[in-house]
Amino acid sequence: MSVEFGVVAFPGSCDERDAFNAIERIDGARARFLWHTTADLDGVDAVVIPGGFSYGDYLRAGAIARFSPVMKAITEYALEGRPVLGICNGFQVLCEAGLLPGALLPNPSLRFVCRQIEVIVENENTPLRERAPRASSFPFRSNIRLAGTSPPSTDSKS
Amino acid sequence: VDPWLAVKVRVLVRPKEGILDPQGQAVERALPALGYEGVSKVRVGRLIELEVSDKAPDAATSRVREMCERLLANPLIESYQVEALPDDEEGK
C-alpha cells in the first residue's frame, strides 16, 4: 500500500514540482497536486504546501493564500491531527493561517543568509521520528526569520 | 431613500512599537547617500484605502477594524489605525 501526498499549488507557487518529484522518489510514496480552488483533499495521507510566491506575496507572504478553499480544507485536516508540511512560503501560509505560532520578519542584519546549518531533532514525538536522523546538516538560505513565538527566534527557510 | 452610504476609509498599517523594522532602517541608511543628513527613526508601513458600504461611518470603521484583525494587518507584528474620511477628501 502506498502513501499518498497532496502537494498544494497556488497561483505563484513555484516549488510544487520539486516537492512532487521529491515525494515520487520515495519508495512507497505517490504524489498528486491539489489545486488551490479545491476544497476536497481527496483522501490524501499527508499534505505538503510548497514554496514560492503564493498570490504574488501581496499584502504579506501567505496572507491571501490563507483564505483559499484548499486552505480551509487543510485547516480542518490539520486540526484533526493529520500531517501537514509547510516549506518556505508554505510555512508562511501556515503561520498566517494560525496553524503555527508566530510571524516572519526580515532578518535584523538586512542580509540574505546562506550557509550550512546543523539541525537537531528537538521533538521526537512526530511521524518523522523513525526516519529522521537525530542530527543533520543542510544548506540554508533565507532573508527572513521567525518571530513572535516563545522559544528563542529561529531562522526559517524562505 | 437608500440607507447605505459609501464610506471612504483609510487604514495605516505600521510595524508595531519595538518590532525591528529593517525596511525603515534600510531607507534610513540610504538617505544620507542622497545628501539628506539628520534623518532618524524611519518606519515603513502600508496605506490601504477602501470604500465600504454601510449604514453609518461608525459601522463601516468597525467592519474595517475586523478586516484589519483578519487580513489587512498581522496583529502579531503590525499595528493599525482606521479612519473614516470625509466625502470631500479624495485621492490625497
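Is B:D54 buried or exposed, and what is its relative accessible area? B:D54 is buried, with a relative accessible area of 8%. Here buried means under 20% relative accessible area, exposed means over 50%, and partly exposed lies in between (1.4 Å probe, protein chains only).

This is a predicted model, in which local features need pLDDT of at least 70, side-chain atom pairs count only at pLDDT 80 or more, and totals for chains, interfaces and linings use all residues. Residues are numbered from 1 along each chain as its sequence is written, chains are lettered from A and ligands numbered from 1 in the order in which they are written, and side-chain values use heavy atoms, with hydrogens and water left out.

**View 1. B:D54 and B:R63 meet in a salt bridge.** A salt bridge is a side-chain nitrogen of Lys or Arg within 4 Å of a carboxyl oxygen of Asp or Glu. In this pair the N to O distance is 2.9 Å. B:D54 is buried. B:R63 is partly exposed, at 38% relative accessible area. Over all chains, the structure holds nine salt bridges.

**View 2. B:E49 pairs with B:R10 in a salt bridge.** The closest N and O atoms are 2.9 Å apart. B:E49 lies in strand β2 (residues 46–54) of chain B and B:R10 in strand β1 (residues 5–15) of chain B, so the pair ties together parts that are 39 residues apart in sequence. Strands (E, at least two residues) and helices (H or I, at least four) are DSSP runs, numbered from the N terminus. B:E49 is partly exposed, with a relative accessible area of 42%. B:R10 counts as buried, at 14%.

**View 3. A:E4 and A:R30 form a salt bridge in chain A.** Their closest N and O atoms are 3.8 Å apart. A:E4 sits in strand β1 (residues 3–9) of chain A and A:R30 in strand β2 (residues 29–35) of chain A, so the pair ties together parts 26 residues apart in sequence. A:E4 counts as buried at 11% relative accessibility. A:R30 is partly exposed, with a relative accessible area of 44%. A network of salt bridges links A:E4, A:R30, A:R32 and A:D42.

**View 4. Chain A meets chain B.** Contact means heavy atoms within 4.5 Å. By that rule, 15 residues of chain A are in contact with 16 residues of chain B. The two chains bury about 1,200 Å² between them, 68% of it on carbon and sulfur atoms. Buried area is the accessible area (1.4 Å probe) that two parts lose on being put together, summed over both. A:L59, A:R60 and A:L110 supply 44% of the area that chain A buries against chain B, more than any other three residues. Five residue pairs are in polar contact between the chains (both at pLDDT 80 or more). A polar contact is a pair of N or O atoms within 3.5 Å; within protein, one must be able to donate a hydrogen and the other to accept it, and residues adjacent in sequence count only if both atoms are side-chain atoms. Strand β5 (residues 103–106) of chain A gives the most to the side of chain A that touches chain B, with four residues.

View 5. The rule finds one salt bridge between chain A and chain B. A:R60 is in the loop between β3 and α2 of chain A. A:R60 is buried, at 8% relative accessible area. B:E78 is found in strand β3 (residues 78–85) of chain B and counts as buried at 12%. The side chain of B:E78 also joins that of B:R46 in a polar contact of 2.9 Å. The B:E78 side chain reaches the backbone nitrogen of B:N74 at 2.8 Å.

**View 6. The largest nonpolar core has 16 residues.** A nonpolar core is a set of buried Ala, Val, Leu, Ile, Met, Phe, Trp, Tyr and Cys residues joined through side-chain atoms within 4.5 Å. A:V8, A:F10, A:L41, A:V47, A:I49, A:M71 and A:I74 touch the most other members. The largest share of this core, five residues, comes from α2(A). A second, separate core of twelve residues includes B:V11, B:V52, B:V64 and B:C68.
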